[in-house]
Structure formats: C-alpha cells, structure tokens
Protein chains: 2
Amino acid sequence: VAVGIGVLGAGTVGGTLVRRLIEQGSVITARTGLELEVRRVAVRSLSKARPFSVPAGVLTDRPEDVISDPTVDLVVEVMGGREPAGTLVLAALAAGKPVVTANKELIASRGPELFAAAERAGVPLLFEAAVGGGIPIIRPLMETLAGEQIARVLGIVNGTTNYILTRMAEEGCPYGEALAEAQELGYAEADPSDDVNGTDAASKASILASLAFGTWVDPMQVYREGIEELQPADLVFAADLGYAVKLLAIAERLPGGVSARVHPALLPVEHPLAGVRGATNAVFIEGSSIGELVFSGPGAGGEPTAAAMLGDVIDAARELLAGSEVAPSVRFGPGEVIDFGEVVTRLYVRLEVEDRPGVLSRIASAFAEASVSICAVRQEGRGDRAMLIIVTHAAPEAQGRRAVESLRQLDVVQDVAAVLRVVGEGE
Amino acid sequence: VAVGIGVLGAGTVGGTLVRRLIEQGSVITARTGLELEVRRVAVRSLSKARPFSVPAGVLTDRPEDVISDPTVDLVVEVMGGREPAGTLVLAALAAGKPVVTANKELIASRGPELFAAAERAGVPLLFEAAVGGGIPIIRPLMETLAGEQIARVLGIVNGTTNYILTRMAEEGCPYGEALAEAQELGYAEADPSDDVNGTDAASKASILASLAFGTWVDPMQVYREGIEELQPADLVFAADLGYAVKLLAIAERLPGGVSARVHPALLPVEHPLAGVRGATNAVFIEGSSIGELVFSGPGAGGEPTAAAMLGDVIDAARELLAGSEVAPSVRFGPGEVIDFGEVVTRLYVRLEVEDRPGVLSRIASAFAEASVSICAVRQEGRGDRAMLIIVTHAAPEAQGRRAVESLRQLDVVQDVAAVLRVVGEGE
C-alpha cells in the first residue's frame with residue numbers, strides 16, 4: 001500500500017526532500033518495504049522553478065489543500081516559523097495525519113500543545129531535524145535514553161555562529177568580517193539576527209532541555225546571549241588560558257530544577273566540543289549511567305536536514321501502516337525552571353584599567369564583596385593602561401553579575417570589555 | 001497496565017538492568033507512562049549474591065521458565081554467546097514476546113533468521129546495545145538513516161583494543177604489558193582472545209554493514225586481523241607520518257558490492273576517530289546526503305550497556321501496549337559481499353633490510369611488479385641493517401599482498417616487520 005505524502009513548503013529543505021522521495025522511491029521501497037508517494041506540495045509561488053518535477057495538480061499555493069486532500073496520509077511541514085505552520089500542523093493532527101517537521105521554533109514554543117494534539121489523534125509528531133539538522137539526536141534522547149538520568153546537555157547547535165567563531169579564533173577576523181564571509185558562503189542568512197543573538201539556539205536549548213529532563217522549558221525561560229559583542233582578542237586570550245570559545249546551548253539538571261540557557265562559553269580545549277569547527281554541529285550528553293556521549297555532524301543544509309526528515313517520514317509511515325494508536329514516548333511533568341541568576345557559573349572578565357598602584361586590590365575587593373572567589377588573573381601593561389583578565393571560581397551568576405556591576409562603577413576601570421562564562425570543568 | 005519483564009542472565013549488564021528496573025521504576029513511569037515489572041530472572045546459580053533484591057520465585061536457574069511464564073510479556077537476553085541464547089530468543093519470539101538483546105554474536109551470526117522470526121510474530125527484536133554499548137547507533141542507522149545512501153561506516157567498536165592501542169601509542173608500552181594493564185583495570189577479560197584478534201569487532205562490523213547497506217553480511221564474510229602483532233614502534237612511526245593506529249571495523253559500499261572488515265589501520269590524525277582514546281567507542285558514518293556523522297561514548301560496561309537496553313525495553317513495551325503488528329524497519333535484500341583481496345587499500349609496510357647498495361631498488365621493483373605504486377619511503381640506518389617504511393598508493397589488496405610476498409622472498413629483506421593499511425584519506 002502506498003502512503004500519500006503532503007508537503008507544506010518547498011524551499012531548500014522541502015525541495016530536497018520532495019526530490020529525494022521522487023528520485024529514490026524505489027531504493028526506499030527496497031530498503032523499507034514502504035511506497036511513499038508525494039501527492040500534494042504547497043508552495044508560495046506556482047510559477048517558480050523547482051528542483052523536482054511533479055504531475056499537474058500536485059503543486060498548490062493553498063497549504064490547507066494539502067491537509068484536507070484525502071489522498072494525503074502524512075504531512076511534512078517545512079515552512080518554518082510559528083504561523084501559519086502551527087495552525088496547519090494542528091489541523092493535520094486533528095485530521096489524524098502524522099506530522100513530520102523540522103520547525104524548532106514551533107516545537108519549542110508550542111511543544112506541549114502539539115504533543116497533546118498528537119496524542120489525542122493517536123498519531124506520531126516527529127521532529128528529528130529540529131535540532132542538529134542531520135544529526136540523529138532527538139530520537140536517541142527520546143528513545144534510547146528514555147530511562148537515563150541525564151545530568152547535562154551541551155550543544156553547538158547553530159552552525160552560523162560556530163563558523164563565525166571558528167574564523168575569529170583561527171584567523172583573528174573581527175566579528176563583522178567573519179559574519180560577512182559566512183553570508184557569502186551561504187552559512188548565514190541575509191538577516192542573521194536570530195542566529196547571532198542566540199534566538200535560534202534558544203529554541204533548540206528549549207527542546208533539548210525538555211526532552212532530556214521531561215519538564216517542558218519554554219524558549220522564553222531560556223536565558224540567552226549572542227556572539228555579537230565578542231572580540232577576536234577574547235578568543236586569543238581564551239586560547240592562551242587553554243579554552244576554546246563556543247556559543248553553547250546548555251541544559252542542566254540542578255538540585256532545585258532545570259536550567260536552560262544559551263551564551264558564549266569558554267570550554268577547556270580537551271572538551272569534546274572544543275574542537276568542533278566550522279558549520280558542524282555537535283551535542284554532548286552527560287548521564288549518570290551513560291557517562292559521556294557525543295554526536296556530531298552537519299547541523300544544517302538541505303541535504304542533511306532532508307535526510308533526517310526522510311527518516312522521520314519512513315518511521316511515521318510504518319506506524320501509520322501498523323494502524324495502532326501510538327503512545328507518546330516521553331511525557332512531560334511539572335518542574336521548576338531555575339532563573340539564570342541562581343545558576344552557579346564561573347566568569348571570565350576582561351577589563352581595561354588604569355595602570356597604577358592599588359588598582360588590582362580595588363578590583364579584587366569588588367569580587368570579594370560579592371563573595372566571588374578569583375581563580376586566575378592575567379595582567380598586561382599597555383603604557384598607562386593595563387588589560388586585566390580575571391577568571392573566577394564557581395559562584396551564583398547573580399553574585400558574579402553584582403561583582404561586574406561594582407567593577408563598572410570603579411573609576412580605575414575604563415571598560416568591562418568582556419564577560420564570558422567558563423563551562424565544562426569540574427561542575 | 002504493567003508490562004512483565006523476564007531477564008535471561010544476571011551478570012554485569014543483566015544485574016545492572018534488573019537493579020535499575022526495580023530502583024528507578026517510578027522515575028521510568030513518570031517519564032514514559034509505562035510500568036515495567038521484573039517478573040522472572042534466569043541465573044546460573046541461585047545462591048550467588050546479586051546487586052538487586054527480588055521476591056522469592058522471581059529467580060530461576062531454568063531459563064525456559066522465563067520464556068514460558070505467562071506473566072512475562074517481554075524478554076531481555078543478556079546471557080551472551082550463541083547457545084542457548086539463540087534457542088531461547090527464538091522461543092520467546094515464537095511465543096509472541098518482544099526481545100531485547102545486547103548479543104552481537106547472536107545477531108551477527110543469525111540475524112536474518114531472528115528478524116524473520118520477529119516479523120512472523122509481529123513483535124520487535126531490539127539490539128541497540130549490541131554495537132557501541134551505550135552509544136545510540138543501531139536505531140539511528142535503522143531509522144533516522146533508513147532513507148540515506150550510506151557510503152562508509154568506520155567504527156572503533158572494541159574498547160579493550162582501543163585502550164591497549166592508546167597505552168601503546170602514548171606510553172610506548174609493549175602490547176603484552178598494555179594488555180595486562182587492561183586486564184587489571186577490568187577492560188579486558190581473563191581470556192581476551194575474541195577482543196584482541198578482532199572476532200568481537202567482526203561481529204559488530206557484520207551488524208553495521210548489514211544495517212547500513214541492507215545486505216546481510218555474515219561474520220564469516222568479514223575479513224579480520226587483530227592487534228596481537230602490533231609493535232609500539234609502528235605506532236611511533238605512524239605518528240611521525242601523521243597517523244594514529246586504530247583497530248577499525250569498516251563497512252563500505254563499493255561499486256561491485258559491500259565490503260566488511262576488521263584490521264588495524266593508520267588514520268590521519270585529523271580524522272574524527274583518530275583522537276578517540278582509551279576504552280571509548282566511536283562510529284563514523286559517511287553518506288551522500290548526510291555528509292559525516294560521528295557518535296562517541298562508552299562502548300562497554302554494565303551501566304552504559306544497561307542504559308541502552310533500558311531504552312530498548314521502553315520502546316518494546318510501548319509497541320507491545322500499542323498492540324499493533326510491527327513491521328521491521330529494515331529489510332535485507334540480496335547483494336554481493338566483496339572479497340577483501342579485491343578491495344582497494346593503501347599499505348604501510350615496515351621492513352628490516354640489509355643496508356647495502358641496490359636494496360631499495362630491489363624492494364621498489366617488488367612493488368612495481370605487483371603494480372603497486374609507492375607513495376612515501378622512510379629509511380633509517382642501523383649499522384649494517386636499515387629500517388625501511390613504505391606507504392603505497394591505493395591498489396587492490398591482493399596486489400599489495402603479492403608485493404609483500406615477493407618482499408619476503410628477497411634475501412636482502414630480513415624481516416617484514418609490519419603490514420598495515422592506511423584508511424580515511426581521499427577514498
């Protein structure tokens with residue numbers, strides 16, 4: 001029996017997926033026993049050239065036609081964004097059609113509602129490609145690790161920013177130049193805001209934390225900082241101190257609840273994520289039984305993302321043919337999301353200060369008064385100014401911030417040039 | 001509704017799994033909605049102390065009681081070895097009970113028969129822990145990558161040998177000493193033969209190749225070489241040339257069919273598997289759409305292996321409760337398995353030769369006569385003898401072997417001290 005596929009959106013990922021479903025149909029059938037037939041594809045413009053050819057009547061510019069088409073058994077959503085994607089996904093589920101999506105924004109912001117709709121309908125809602133593009137990470141988290149007590153997930157989940165940081169670290173490019181290069185190479189969008197300010201990674205942190213800990217973490221609860229303020233100098237100093245700087249999505253189980261956040265972080269060079277270069281994504285999972293797992297691969301791009309979605313389509317089609325009511329593999333229970341201020345962090349602070357007697361002592365006092373203990377100091381004279389790098393021991397983030405606020409008030413401090421966090425050591 | 005679990009074997013992995021099912025039952029229920037109840041556990045000795053406590057009547061020394069117990073809905077096999085495990089697994093499947101196993105030897109040697117039995121019974125047969133212990137690799141291969149055209153899988157799938165090779169490379173330990181140390185630390189069995197001679201890795205290569213390419217590759221068709229003959233000197237020379245030496249399980253899709261093999265290999269230091277140290281396992285997957293994926297984590301040990309099996313148990317229990325007939329996710333078609341002699345390889349050959357005029361020319365002729373082209377030569381004088389290292393360009397393995405055979409016949413060659421293969425460059 002053939003399974004009718006409807007696709008919402010035919011951009012880079014959607015177009016690639018449709019092309020593969022058409023061109024590799026017989027290979028997929030030989031491999032899985034499934035006949036997957038593309039029956040409707042919703043596009044914005046009917047006249048635009050596509051990387052695939054379909055019979056007349058398959059293309060439509062009305063996405064609701066895809067959902068309501070009785071020959072469509074399974075819906076693939078690759079429009080992106082919250083709306084109309086959300087309404088369409090809910091309509092598909094309500095019609096009893098399994099949904100496969102790569103829409104991290106939608107899943108992160110409305111996960112519980114969407115999963116409840118899927119459960120009511122008894123059909124799967126799959127989203128392997130929503131985090132880590134082509135890297136199998138969602139399914140391992142939801143299935144293989146369903147019984148595992150996960151302590152921490154660290155992810156390099158945004159290829160654009162990792163590409164920029166790699167260029168800044170390896171070539172000393174300033175941020176703006178590295179970004180322009182990423183745009184030229186197609187790693188960054190014309191409007192890269194959501195990538196560089198951490199919004200994209202925050203959606204993924206929300207999904208990773210929710211799946212890892214079984215407590216839904218809304219993206220609004222994810223603390224975020226981007227990479228726009230980073231200077232190549234800090235990547236150089238970090239390297240001198242034995243760290244690589246990465247934009248991390250962090251999900252942690254802490255005594256009082258769950259923390260999810262996105263910020264640039266200094267990772268010890270020997271950490272498995274420290275060596276992840278360019279647009280590659282990687283996810284590090286630490287669990288009480290499992291120890292440390294690392295997954296890495298292409299985090300974006302039409303081909304890898306479409307490959308992960310194809311895996312979901314195959315799985316959803318199998319479940320559909322089995323005809324059973326599918327129970328969700330993870331349930332979400334209530335749980336606290338901890339404010340970032342209460343999370344224990346270690347700070348890397350770079351200051352421009354006046355180079356005269358007593359300066360270091362006043363700076364050290366500011367940390368001491370906030371009960372933040374200093375771990376390492378580096379000072380470099382530059383005429384009548386000095387550059388001072390301070391790495392602290394672990395203390396609640398709010399205390400660290402208080403120390404930094406006091407520093408800003410000191411007349412001897414000309415600039416708080418960078419405040420970053422150190423991650424991945426003896427936590 | 002509770003799902004009754006029967007466990008065959010309660011050694012390190014089985015004991016850990018039973019303990020976790022008992023101690024973490026409520027956590028698992030909160031997370032997944034499933035009640036998993038351990039109802040029968042087959043052990044060899046009823047009197048031995050166990051890391052878990054179960055009510056009277058749960059332990060039995062007759063494994064067939066576990067299968068036939070009507071309160072057992074799902075069977076976990078952790079006895080290992082081909083028999084009686086094979087008979088018991090088939091009996092469980094015939095009784096309509098899903099089976100979860102970590103038994104790579106059984107799956108590799110009788111996979112098609114077991115999968116057919118599972119399909120007839122309409123129940124799942126899951127084996128995530130059979131390769132890579134706690135690393136989710138089987139499910140990603142079978143599901144997420146079901147639609148992917150995989151070109152090559154390279155795996156460090158035996159922790160014992162990787163630990164030994166790491167010690168040899170980093171400390172210059174001779175093989176015997178590193179092995180003794182691995183045994184002391186519990187990384188190697190009292191009888192380590194199956195690990196060090198490549199048999200364990202060959203079972204895993206057979207499974208990886210079969211799942212990656214959809215053609216069942218029997219372990220008897222997997223070419224294997226172990227690490228017993230490796231000398232620390234070769235690890236040093238390899239490092240000088242920019243390579244790490246790893247025991248690899250290799251599965252490749254070649255124009256004429258599939259190749260699966262296990263042998264020590266020189267990997268460029270920049271290859272993602274080159275830096276995998278100690279008992280860690282890692283699997284590298286290359287596919288036409290997916291590019292390169294790497295999975296790494298703990299390859300063995302009670303806790304990680306039990307964690308992966310617990311994920312399978314949860315999944316199998318879900319499918320059981322859904323009550324549907326489960327179609328297998330991968331089908332195996334006919335296909336050629338290519339003899340290793342026909343596979344194109346690059347050789348690293350280390351020779352002890354007489355240090356006199358004309359020696360290099362005679363050695364070069366031996367390669368030329370076998371139509372194997374030389375890529376790099378290093379010679380080191382040692383009095384009246386010299387050590388010669390030759391790295392070849394790619395040529396069919398059989399031609400390389402012919403060249404090595406001719407070298408053995410040359411009176412100027414005192415010893416062919418090492419023949420290794422170079423992997424992971426421009427293939």
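This is a predicted model: local features need pLDDT of at least 70, side-chain atom pairs count only at pLDDT 80 or more; totals for chains, interfaces and linings use all residues.
**Ground rules**

I kept to numbering from 1 along each chain as its sequence is written, with chains lettered from A and ligands numbered from 1 in the order in which they are written.

**Entry 1: how the two chains relate**

I started with the symmetry. Two copies of a chain are related by a rotation about an axis and a shift along it. The same surface serves both copies, as 100% of the contact residues of chain B recur in chain A (contact means heavy atoms within 4.5 Å).

**Entry 2: the open sheets**

Next I looked up the strands and helices, which are DSSP runs numbered from the N terminus (helices are H or I with at least four residues, strands E with at least two). In chain A, six strands make an open sheet with parallel pairing, in the order β3-β2-β1-β4-β5-β6 (strands pair if DSSP finds at least two bridges between them). β3 (59–60) and β6 (125–126) of chain A are at the edges with a single partner strand each, so one side of each has no neighbour in the sheet. Between β1 (residues 2–8) and β4 (residues 74–77) of chain A I noted four bridges in the parallel sense, with A:I5 opposite A:L74. Helix α1 (residues 12–23) of chain A lies across β1, β2 (35–42) and β4, at about 145° to β2(A) (axes are lines fitted to C-alpha atoms, for helices over the stretch in contact, and angles run from 0 to 180 degrees between N-to-C directions).

In chain B I found an open, parallel sheet of six strands in the order β3-β2-β1-β4-β5-β6. Its edge strands, β3 and β6 (125–126), each pair on one side only. Four bridges join the parallel strands β1 (residues 2–8) and β4 (residues 74–77) of chain B, and B:L8 stands opposite B:E77.

I then picked B:L59, in strand β3 (residues 59–60) of chain B. Not counting residues up to four places away in sequence, B:L59 touches B:V41, B:V43, B:L46, B:F52 and B:V54. B:L59 and B:L46 are 13 residues apart in sequence, and their C-alpha atoms are 6.9 Å apart.

Strand β11 (residues 280–287) of chain B is mostly covered, with six of its eight residues buried. I found it paired in the antiparallel sense with β7 (residues 150–156) of chain B over six bridges, where B:L154 stands opposite B:F284. β11(B) also pairs with β12 (residues 291–298) of chain B, antiparallel over eight bridges, and B:E292 is the bridge partner of B:E286. A hairpin of three residues joins β11(B) to β12(B).

Which residues touch the most other members of the largest nonpolar core? They are A:I285 and B:I285, in a core of 168 residues (a set of buried Ala, Val, Leu, Ile, Met, Phe, Trp, Tyr and Cys joined through side-chain atoms within 4.5 Å). Leaving aside neighbours within four places in sequence, the contacts of B:I285 include B:I137, B:R152, B:E292 and B:F295.

**Entry 3: B:D200**

B:D200 belongs to helix α10 (residues 199–213) of chain B and counts as buried at 8% relative accessibility. Its side chain makes polar contacts with the side chains of B:K104 (3.0 Å) and B:N158 (2.9 Å). For a polar contact I took N or O atoms within 3.5 Å; within protein, one must be able to donate a hydrogen and the other to accept it, and residues adjacent in sequence count only if both atoms are side-chain atoms. Beyond four places in sequence, the contacts of B:D200 also include B:V157, B:D194 and B:D195.

Technical notes:
Side-chain values use heavy atoms; hydrogens and water are left out. Buried means under 20% relative accessible area, exposed over 50%, partly exposed in between (1.4 Å probe, protein chains only).
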